[in-house]
Amino acid sequence: MLVILTFYAFDGGGKGKGDEVVAYLKKQKVKTLTALVSTHPDADHVGGLAHVIKSLNVKSVYAPKVSHTTQAYKDFLTAVKKKTLTIKKAKTGVEINTKAKDNSLKFIAPVKDYAKSDLNNWSAVLLLKHGKKTFLFTGDAEEKAEKDMLAKKLVPSVDVLKVGHHGAKTSTSSAFINKTKQNRNML
């Protein structure tokens, strides 16, 4: 999944999808990304990002502090290195400077370190405030990560919730939905 917010991009689809992402961005006349976020290192999220980084002017990159052994993840790291960028840690409380008074982007997860065998719970969960509207992008965060966010009282009511893990039954629990559901639209 790819979500564009003026000059910000989250994830880049699977390997081989980068050309589609770049074509879409260029059609929208986007040449520079202020920030690019990899929610987690699974290939279906990070796969297209190497091509995006190679093709556009990317100012900063954010990702959770967890790695993967896939070629897609290695390509992502290589693209970051070739552009002499560094990966900023995506974790609870980190904000992306939007330079706009009516916009804010803040990570509410990952709350803690999880087992390396469970990369979905490492997902960078991003809260966007745009004017009076709020959006929550959950990556592939599953119920364990959702419970941790709820326990820390990090989950607000939102206008738009991007459901977790492509709508899988392991994510977007009833408790999580109930906390976010005021004025909610599901994507």
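In which strand is K89 found? K89 belongs to strand β7, residues 87-89, strands being DSSP runs of E with at least two residues and helices runs of H or I with at least four, numbered from the N terminus.

Good morning, colleagues. This is a predicted model, in which local features need pLDDT of at least 70, side-chain atom pairs count only at pLDDT 80 or more, and totals for chains, interfaces and linings use all residues. Residues are numbered from 1 along each chain as its sequence is written, and side-chain values use heavy atoms, without hydrogens and water.

I begin with confidence. The mean pLDDT (the predictor's confidence in each residue, from 0 to 100) is 87 for the chain, and 93% of residues reach 70 or more. Strand β7 has the highest mean, 97, while strand β1, residues 3-5, has the lowest, 47. Where pLDDT is low, the predicted coordinates should not be read in detail.

I turn to the salt bridges, defined as a side-chain nitrogen of Lys or Arg within 4 Å of a carboxyl oxygen of Asp or Glu. The structure holds 2 of them. One joins E20 and K17 at 3.4 Å, N to O. In the other, K112 pairs with D148, with the closest N and O atoms 3.8 Å apart. K112 lies in the loop between β9 and β10 and D148 in helix α5, so this pair ties together parts that are 36 residues apart in sequence.

D148 is buried at 16% relative accessible area, where buried means under 20%, exposed over 50% and partly exposed in between, with a 1.4 Å probe and protein chains only. K112, at 37%, is partly exposed.
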